[in-house]
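Here is a short briefing on one protein chain. Take a look at the model, then read the points below.

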Amino acid sequence: MAEQQEQAAPDAMMTRIGQVVMLHHGGDREEARGRFLDLWGEIGEGGDPLHRCTLAHYLADTQDDPADELAWDLRALSAAEELTDGDVAERHRSLAARAFYPSLHLNLAADYVKLGRSEAARSHLRRARGAAGALGNDRYGDGVRAAIGRLELRLGGAGPSHGGPGEDPGAVEGPGTVERPGPFGGSGGETLGPPRQRP
């Protein structure tokens, strides 16, 4: 019920993207990638920036090559830069476009780590930390801030770490990977689309 109240207007494309995200989280990565690409073909390069940002963000997770993952995350950031708070509020009253940036820059930092480009990773990590003030004090915001802190520790000095006590700063999903939450957290951890589960 609360989620329905938060939702300002129905968005069929966001629903379709969310359905494919569930398929991906269910383990069918290749099928999800194919369906995401079909949706990308429908949206197109000039389509709704929120749709492009969301779709590119999740498409990055389905890539086998870190360079392809980076390319999709760069598309997500580019689309986010076209968004205004009004664009986002039409669909989700509690969100602001600026709240997308901490996660988007964190994702790019993780991509650059995988590609062995530590300076680029540090640059995006600093931007993620600088944008973190836009995050809410909820489970989603706490998770993004914690992931930024862990990557800061891993990279050794990209910026201050503000992780909580008892946090495992080395908690990553595997060699060369970094936990990367999605950019669309709402109050109480609600999302416009399911949060990203893997790098």
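The notes below go from the whole fold to single residues.

This is a predicted model, in which local features need pLDDT of at least 70, side-chain atom pairs count only at pLDDT 80 or more, and totals for chains, interfaces and linings use all residues. Residues are numbered from 1 along each chain as its sequence is written, and side-chain values use heavy atoms, with hydrogens and water left out.

**Overall fold**

- The protein has 9 helices and 0 strands. Both are DSSP runs, numbered from the N terminus: helices are H or I with at least four residues, strands are E with at least two.
- Read from the N terminus, the order of elements is α-α-α-α-α-α-α-α-α.
- Of the 199 residues, 51% are buried. Buried means under 20% relative accessible area, exposed means over 50%, and partly exposed lies in between (1.4 Å probe, protein chains only).
- The accessible surface is about 8,900 Å², and carbon and sulfur atoms hold 49% of that. Such areas come from the Shrake-Rupley method with a 1.4 Å probe; for residues, only the protein chains shown count as cover.
- Take the contacts with a separation of 6 or more: 66% of them join residues 24 or more positions apart. A contact means heavy atoms within 4.5 Å.

**Helices α2 and α4**

- Helix α2 covers residues 12–25 and helix α4 covers residues 49–61; their axes come within 10 Å and cross at roughly 5 degrees. Axes are lines fitted to C-alpha atoms, for helices over the stretch in contact, and angles run from 0 to 180 degrees between N-to-C directions.
- The crossing makes α2 roughly parallel to α4. Angles under 35 degrees count as roughly parallel, over 145 as roughly antiparallel, 65 to 115 as roughly perpendicular, and the rest as oblique.
- On the α2 side, the contact uses M13, M14, I17, V21 and H24. On the α4 side, it uses L50, H51, T54, L55, Y58 and D61.
- The residues of this contact divide into 7 nonpolar, 3 polar and 1 charged. Ala, Val, Leu, Ile, Met, Phe, Trp, Tyr, Cys and Pro count as nonpolar, Asp, Glu, Lys and Arg as charged, and the others, Gly among them, as polar.

**A buried histidine**

- H105 sits in helix α7, residues 101–114.
- H105 counts as buried because its relative accessibility is 4%.
- Setting aside neighbours within four places in sequence, H105 touches L77, H124, R127 and A128.

**Salt bridges**

- Side chains of opposite charge can pair when their charged atoms come close.
- The structure holds 9 salt bridges. Each is a side-chain nitrogen of Lys or Arg within 4 Å of a carboxyl oxygen of Asp or Glu.
- E42 and R16 form one, at 2.7 Å from N to O. E42 is in helix α3 (residues 29–43) and R16 is in helix α2, 26 residues apart, so the pair links distant parts of the chain. E42 is partly exposed at 48%, and R16 is partly exposed at 33%.
- R33 and D64 form another, at 3.6 Å from N to O. R33 is in helix α3, while D64 is in the loop between α4 and α5 (66–80). R33 is buried at 15%, whereas D64 is exposed at 57%.
- R145 and D142 pair at 2.8 Å from N to O. Both lie in helix α9 (residues 139–155), 3 residues apart, about one turn of the helix. R145 is buried at 16%, and D142 is partly exposed at 45%.
- Salt bridges with shared partners join R29, R33 and D64 into one network.
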